[in-house]
Amino acid sequence: MADRNSRLSVKRKDKKVDSKTHEEKEKEKEKEKEKAPKKPDKLGKKPDKSPEQPKTEKEEKMGGDERTAEGAEGEMKEENGEFQPIELPPFEIVTGEQMSPFYFKFQFRNVEYSSGRNKTLLCFRVDTPGGSTEPLKGYMEDEHATAHAEEAFFQQVLPNSNSSQEYDVTWYVSSSPCVACAAKVAGVLQQRKKLRLCIFCSRLFGWEEEETTAGLRTLVSAGCKLRMMKPSDFVHVWETYVEKEEEESFTPWEDCKENYDYYVERLAAILK
């Protein structure tokens with residue numbers, strides 16, 4: 001009898017549990033309906049911000065900031081902590097007033113062998129003795145296309161100079177002129193007798209080749225003063241032709257003076 005009563009009590013308890021569970025489920029459904037947003041409200045609201053779109057491979061490399069070339073100068077992009085020049089159209093000479101610090105430190109370094117330095121950077125200053133005009137200053141870089149920076153200078157900076165006007169032209173170049181440029185610049189100096197040119201070179205280009213050294217001798221014979229850049233000249237170019245922060249200073253690299261002495265000996269042997 002006790003077993004029967006206990007069984008009945010168990011059944012009654014089970015029913016109560018079932019009934020409570022059913023009631024709780026009903027209440028939960030009602031609560032979920034109340035919490036659910038109404039369709040008109042959902043359609044009427046606009047998101048405050050558009051969902052973030054996944055970055056493309058190009059945006060990730062550019063830090064999310066797409067940069068385009070402006071005019072002939074162009075800009076730089078940073079990849080893996082190193083500045084990489086934007087690819088320029090062929091047959092173009094880039095001109096401007098100041099260059100980037102990266103270009104200067106890489107292209108102007110006076111190493112013995114210029115591996116990877118496939119540009120010529122030319123910083124110029126044009127003075128007119130006795131004239132009232134301010135000196136003309138700027139820089140040029142070539143892509144080693146149809147015209148090199150040395151030739152382009154006379155095409156773009158002094159295309160039609162006054163034959164009666166004196167010009168004192170100073171160049172600071174990342175490397176000495178090649179055979180073709182040396183011949184063309186020598187021809188200009190022979191035609192324009194009142195144009196005086198002084199070239200300060202960071203490195204000597206092809207100084208082991210007889211044809212190249214012969215071109216340098218021809219250039220000097222035409223009246224050009226050919227010099228190597230000493231440490232103070234690199235500082236001058238940095239302060240005058242490099243776009244930098246005001247507090248950003250430049251100290252010549254450790255072997256700058258040693259490399260300068262090395263190239264001075266090479267140049268003296270060529271011009272003797």
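A residue is taken as buried when its relative accessible area is under 20%. By this criterion tryptophan 253 is buried in the predicted model, because its relative accessibility is 11%. Phenylalanine 250 is likewise buried, with a relative accessible area of 12%. The rings of phenylalanine 250 and tryptophan 253 have centres 5.7 Å apart and planes at 70 degrees, and the pair is therefore edge-to-face. Both residues belong to one aromatic cluster, which also contains Phe104, Phe108, Phe234 and Trp238.

Across the whole structure, 16 aromatic pairs were found. One of these, formed by phenylalanine 102 and phenylalanine 106, is stacked, with a centre-to-centre distance of 6.0 Å and an angle of 5 degrees between the planes. The two residues lie in helix α4 (residues 101-107) and are four residues apart, about one turn of the helix. Phenylalanine 102 is partly exposed, at 29% relative accessibility, and phenylalanine 106 is also partly exposed, at 28%.

Aromatic rings are also approached by a charged side chain. The charged end of arginine 266 sits over the ring of tyrosine 262, at 4.9 Å from its centre. Arginine 266 lies over the face of tryptophan 207 as well, 5.6 Å from the ring centre.

Beyond residues up to four places away in sequence, phenylalanine 153 touches Leu122, Phe124, Val126, Met140, Leu158, Val169 and Trp171.

Strand β6 is largely enclosed by the rest of the structure, because six of its seven residues are buried. On the one hand, β6 pairs with β4 in the antiparallel sense over six bridges; on the other, seven bridges join β6 to β7, and these two strands run parallel. Aspartate 168 takes part in bridges to both neighbours: aspartate 168 is the partner in β6 of aspartate 127, and arginine 196 is the partner of aspartate 168 in β7. Together with helix α6, strands β6 and β7 make a right-handed β-α-β unit.

Threonine 212, in helix α7, is buried, with a relative accessibility of 3%. When neighbours within four places in sequence are left aside, threonine 212 is in contact with Pro177, Val179, Phe205 and Gly206. Lysine 137, in strand β5 (residues 136-142), is instead partly exposed, with a relative accessible area of 42%. With neighbours within four places in sequence again excluded, the contacts of lysine 137 are Phe124, Arg125, Thr240 and Tyr241. The C-alpha atoms of lysine 137 and aspartate 127 are separated by 9.1 Å, the two residues being 10 residues apart along the chain.

Note on methods. Residues are numbered from 1 along each chain as its sequence is written. This is a predicted model: local features need pLDDT of at least 70, side-chain atom pairs count only at pLDDT 80 or more; totals for chains, interfaces and linings use all residues. Side-chain values use heavy atoms; hydrogens and water are left out. Contact means heavy atoms within 4.5 Å. Buried means under 20% relative accessible area, exposed over 50%, partly exposed in between (1.4 Å probe, protein chains only). Rings of Phe, Tyr and Trp (its six-membered ring) pair if their centres lie within 6.5 Å; planes under 30 degrees apart count as stacked, over 60 as edge-to-face and the rest as tilted. A charge sits over a ring if NZ of Lys or CZ of Arg is within 6 Å of the ring centre and within 35 degrees of the ring normal. Two strands pair if DSSP finds at least two bridges between them. A crossover is right-handed if, with the strands pointing away from the viewer, the path from the first strand over the helix to the second runs clockwise.
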